Amino acid sequence: MTKLKVRDVSVRLGRFGLNRVNFTAAGGEYFVLLGMSGAGKSVILQIIAGIIPASGGQIFLGGKDISAEKVQNRKVGLVFQDSALFPHMNVFSNIAYPLRSMRPGARGTDSRVRELAQMTGVSHLLDRATSNLSGGEAQRVALARALALEPECLLLDEPLSALDVQTRSEFRRLLRELNRQGQTIVHVTHDYEEAALLAGRIGVMENGTVVQEGSPAEVFQQPGSEFVARFVGIRNFFSGTLTRERGPMCRFRTAGIDIALLSDEPPGEGFVVIRAEDVTIMRNSMPSSAINNFRGAVTGSGPARMGTEIMVDIGVPLAVLVSDDSAGSLGLAEGTTVWVSFKASAIKFIRK
Amino acid sequence: MNGYYPMKLLFVFIGGLVLLFIVAPLAGLYLSTTPGEFFQTATDREVAGSIWLTLWTSMAATLLFGLAAIPLAWLLARRKFPFKRLISAVINVPVVIPHSAAGIAILGFVARDSAIGRLGEKLGLSFVGNPSGIILAMAFVSIPFLINAARDGFAAVPEKFEKAALNLGASPVRVFFTISLPLAWRSILTGLIMMWARGMSEFGAVVIVAYHPMTAPVLIWERFASFGLDWAIPVAAVFITVCLIVFMILRIVASGYDKTES
């Protein structure tokens, strides 16, 4: 069931504008808006929250039109990119702020704050001044504060961008856990890895509008436009399981094929990304340093930004980027049997 | 960096002259007052009464008009409305006009034959020759200091905090009192101190609206005009001492607040 529906939302802010933005997020869904800086991702979140008024369109939350609702009554919790924790209040008071706003003087504020602090892993920080928090701690407090609102939809504005790799991974785990508990989340980012790791569905934004919406596999494997293809930059995106063989050498098992790769990530579920330009295509099998050699059939070809993109079915659809000259000389008509190869070091594994 | 040494020396010399220009007259004032004269003047009932009157009327002007000016400062910092630049300019008018002219303007506004004056008379309140008139004159000339400081303080509060608070279910009034005001408080406190200090030192506007009862600046003028410099100096020394003590206490309180905030 649809929880959040953004319909034809437009706004003009100086030279920048949103132009009829449409997307929906189902109840309990993790929806990621993916786009470059300046695409309008943060603006659409602020419009949903009511902080920026839209010039046109409607926003529905739980089936109710909230387009004209006051900011303070919308029940959408927004976590800002830089946390926006109130600097004159300690961590406890920050988390308690929405509780005191909604139910001034109500009992149970203290226990609810402690419950949220435990959930987000900041129980030991409650007496701390916000100026003494690390980036990761500040984002956890901001998340706890937004959750205190009991939001119908949680809006996250690039929440991981200022965090280091380790903190980022922990925070992602927390977000996934919240989503598993049924929290609807709309998360904006410019990072496709973040989108791949978290999203149930992705909307790609370009120039103030959503140009494609779908599952990560749909968006990454079948980009709807040249922009999406170039922006996400990955056509060969497969989910599966990583197992370690020896040292950094691992195997990744995805639907139909086994891929050898080098990775220092621990074994488990995840995704692999193989850049189309890192794949070599041949008419016959030839010895090379590449470990991954697959026989397949050409299923199609088309022009790409630089050269020609050949689609080869090797058990999974694999995109290969070749120069126009190579495409012509190899004679890669549909149905032609070919060999493709790529090095184990050219594959990137992203852990779930 | 050695090449900078002559310039540094020159700047220190010029700066020292400016500092001397401020300190020398005040030091001369104290040096020409004996301790006996000082304590005799300080215990003079007329002097003590005028200083007390100056302190409480300037405090009343700051609290009554200053607190009412804070919402205006917030509007100027946060809202767009027609004639905003004109209003900002009007607020600074009391700073640029001669204060005797300001006194004339206030007197015309609150004189017994004016609408405000007649209304005041009906309520049993007279502005001319009365502490209430002194409060009005002090507030008129000193309120721009608070409004400007408070406006700059509100403008310096990042809007994201106010937006975040609204998003977290707070009403605009709660956002003002729990976010905007506390975060701008340092500037507002500075503005309040400046307003009070400016009100205390006001002579031109006050002397026209209320020669009696005499505030300390008016008494200093009166002693000078009636008896000469020797009679005015001890009163001036006592009043400056009180002003400095009050100013130091307020700065200490304000800096203590700063430390607790940071």
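Biologist: Which side chain does the side chain of B:Arg198 meet in a polar contact?

Modeller: In this predicted model, B:Arg198 is part of helix H10 of chain B. Its side chain reaches, at a distance of 2.9 Å, the side chain of B:Glu202.

Biologist: Is B:Arg198 buried or exposed?

Modeller: The cut-off for a buried residue is a relative accessible area under 20%. B:Arg198 has a relative accessibility of 19%, and therefore it counts as buried.

Biologist: Leaving aside neighbours within four places in sequence, which residues are in contact with B:Arg198?

Modeller: In sequence B:Arg198 and B:Ile143 are 55 residues apart, while from C-alpha to C-alpha the distance between them is 8.9 Å. With the neighbours within four places set aside, the residues in contact with B:Arg198 are B:His99, B:Val141, B:Ser142 and B:Phe145.

Biologist: Which residues of helix H9 of chain B are buried?

Modeller: Helix H9 of chain B spans residues 159-167, and what covers its buried residues includes, from chain A, helix H1, strand E6, helix H2 and helix H4. Chain B itself contributes helix H3 and helix H10 to that cover. The buried residues in question are B:Phe161, B:Glu162, B:Ala164, B:Ala165 and B:Asn167.

Biologist: Which residue just after H9 of chain B takes a positive phi?

Modeller: The phi in question is about 90°, and it is found just after the end of H9. The residue that takes it is B:Gly169.

Biologist: Which three residues supply more of the area that chain B buries against chain A than any other three?

Modeller: Between them, chain B and chain A bury about 1,800 Å², with 64% of that area on carbon and sulfur atoms. Of the area that chain B buries against chain A, 37% is supplied by three residues, namely B:Asn167, B:Leu168 and B:Arg174.

Biologist: Which residue of chain A forms a salt bridge with B:Lys160?

Modeller: Between chain B and chain A the count is 1 salt bridge. In the pairing made by B:Lys160, the closest N and O atoms are 2.5 Å apart, and the partner is A:Asp82.

Biologist: By class, how many residues on the side of chain B that touches chain A are nonpolar, polar and charged?

Modeller: Across the interface, 7 residue pairs are in polar contact. Helices H9 and H10 of chain B each supply at least two residues of the side that touches chain A. By class, that side of chain B has 4 polar residues, 3 charged residues and, among the nonpolar ones, 11.

Conventions:
Residues are numbered from 1 along each chain as its sequence is written. Chains are lettered from A and ligands numbered from 1 in the order in which they are written. This is a predicted model: local features need pLDDT of at least 70, side-chain atom pairs count only at pLDDT 80 or more; totals for chains, interfaces and linings use all residues. Side-chain values use heavy atoms; hydrogens and water are left out. Buried means under 20% relative accessible area, exposed over 50%, partly exposed in between (1.4 Å probe, protein chains only). Helices (H or I, at least four residues) and strands (E, at least two) are DSSP runs, numbered from the N terminus. Contact means heavy atoms within 4.5 Å. Buried area is the accessible area (1.4 Å probe) that two parts lose on being put together, summed over both. A salt bridge is a side-chain nitrogen of Lys or Arg within 4 Å of a carboxyl oxygen of Asp or Glu. A polar contact is a pair of N or O atoms within 3.5 Å; within protein, one must be able to donate a hydrogen and the other to accept it, and residues adjacent in sequence count only if both atoms are side-chain atoms. Ala, Val, Leu, Ile, Met, Phe, Trp, Tyr, Cys and Pro count as nonpolar, Asp, Glu, Lys and Arg as charged, and the others, Gly among them, as polar.
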